[in-house]
Amino acid sequence: MPLILASASPRRLDLLARIGVAPDRICPADIDETPLKGELPARHAERLAAEKAAAVAEAGALTLAADTVVAAGRRILPKAEDEAVARRCLELLSGRRHRVHSAVTLIDAEGHARHRLSTTIVTFKRLTREEIDAYLATGEWHGKAGGYAIQGRAEAFVRFLSGSHSGVVGLPLFETRALLVAAGYPLG
């Protein structure tokens, strides 16, 4: 049974490889990721994962999609596309706890969708201006939700983490594996 990954993220490909999964096709979904008015962060992640999967699903194939949202309270932090946004995110997260919601949707060969959500609590140390400047100079924040990549240098900022490290990277492996097993995908 072919597996379609509805994402061009190299991080998601690397994470899937950790559990022995290599998608047959990569077909990034092009959807509007703007939060709906009043939409809570976890629901936003779930909706986007479901819409991405539905956008590229094909009969007779499994389609896997995910979305990760960094939230400070009820506030959804953006994907940092410029340094000013990344700086604002890091300043907001400095010294405080936040949540990372990573939703996964798998549509099976018959078109039935299954969903899982991983919520991880992450606490950053208090960041100095010099630490933020040095991190921004790396450029690894670009395109990352909340302005940081936990799989890179920002991991040194994490004082506490409760939940799925892979979920913060962008694909919670426990939940993903459970969905694939339930759909009959062969895993070793």
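Tyr-135 is buried in this predicted model, with a relative accessible area of 2%; buried denotes under 20% relative accessible area, exposed over 50%, and partly exposed the range in between (1.4 Å probe, protein chains only). Residues are numbered from 1 along each chain as its sequence is written, and side-chain values use heavy atoms, with hydrogens and water left out. Because the model is predicted, local features need pLDDT of at least 70 and side-chain atom pairs count only at pLDDT 80 or more, whereas totals for chains, interfaces and linings use all residues.

Tyr-135 belongs to helix H4 (residues 129-138), in which the buried residues are Ile-132, Tyr-135 and Leu-136. Helices (H or I, at least four residues) and strands (E, at least two) are DSSP runs, numbered from the N terminus. An α-helix has 3.6 residues a turn, so residues three or four places apart point the same way. The exposed residues Glu-130 and Ala-137 are carried on the face of H4 turned away from its buried side. Helix H3 (83-93) is included in what covers the buried residues of H4, contact being defined as heavy atoms within 4.5 Å. After H4 comes Gly-139, which has a positive phi, near 80°.

Three aromatic pairs are found in the structure. Rings of Phe, Tyr and Trp (its six-membered ring) are paired if their centres lie within 6.5 Å; planes under 30 degrees apart count as stacked, over 60 as edge-to-face and the rest as tilted. The pair of Phe-124 and Phe-157 is edge-to-face, because the ring centres are 6.0 Å apart and the planes stand at 70°. This pair links distant parts of the chain, 33 residues apart, with Phe-124 in strand E6 (residues 113-124) and Phe-157 in the loop between H4 and strand E7 (158-162). Phe-124 is buried at a relative accessible area of 0%, and Phe-157 also counts as buried, at 9% relative accessibility. Phe-157 forms a further edge-to-face pair with Tyr-135, at 5.6 Å centre to centre and 70° between the planes. Since Tyr-135 lies in helix H4 and Phe-157 in the loop between H4 and E7, the pair ties together parts that are 22 residues apart in sequence. One aromatic cluster is formed by Phe-124, Tyr-135, Tyr-148 and Phe-157.

A nonpolar core is taken as a set of buried Ala, Val, Leu, Ile, Met, Phe, Trp, Tyr and Cys residues joined through side-chain atoms within 4.5 Å. The largest such core has 40 residues, and those with the most contacts inside it are Leu-3, Leu-90, Leu-106, Phe-124, Tyr-135 and Tyr-148. H3 gives the most to this core, with five residues. Leu-90 touches Phe-124, Leu-127, Ile-132, Tyr-135, Leu-136, Gly-147 and Tyr-148, residues up to four places away in sequence not being counted. Another core, of 10 residues, lies apart from the largest one and has Ile-4, Ala-53, Val-56 and Ala-65 among its members.

Strand E3 (residues 62-72) is mostly covered, with 11 of its 11 residues buried. Leu-62, Leu-64, Ala-66, Thr-68, Val-70 and Ala-72 point one way from E3, while Thr-63, Ala-65, Asp-67, Val-69 and Ala-71 point the other way; all are buried. Strands are regarded as paired if DSSP finds at least two bridges between them. E3 runs parallel to strand E1 (residues 3-5), to which three bridges join it, and Thr-63 of E3 is the bridge partner of Ile-4. Nine bridges join E3 to strand E5 (residues 97-107) in an antiparallel arrangement, with Arg-99 of E5 as the bridge partner of Ala-71. Strand E4 (residues 75-76) is also antiparallel to E3, joined by two bridges, and Ala-72 stands opposite Arg-75 in E4. E3 and E4 form a hairpin with two residues between them, and Gly-73 in the turn has a positive phi of about 65°.

Cys-27 counts as partly exposed at 25% relative accessibility, whereas Cys-89 is buried at 4%. With a disulfide defined as a pair of cysteine sulfur atoms within 2.5 Å, the count comes to zero. Pro-186, in the segment after helix H6 (173-182), is exposed, with a relative accessible area of 63%.
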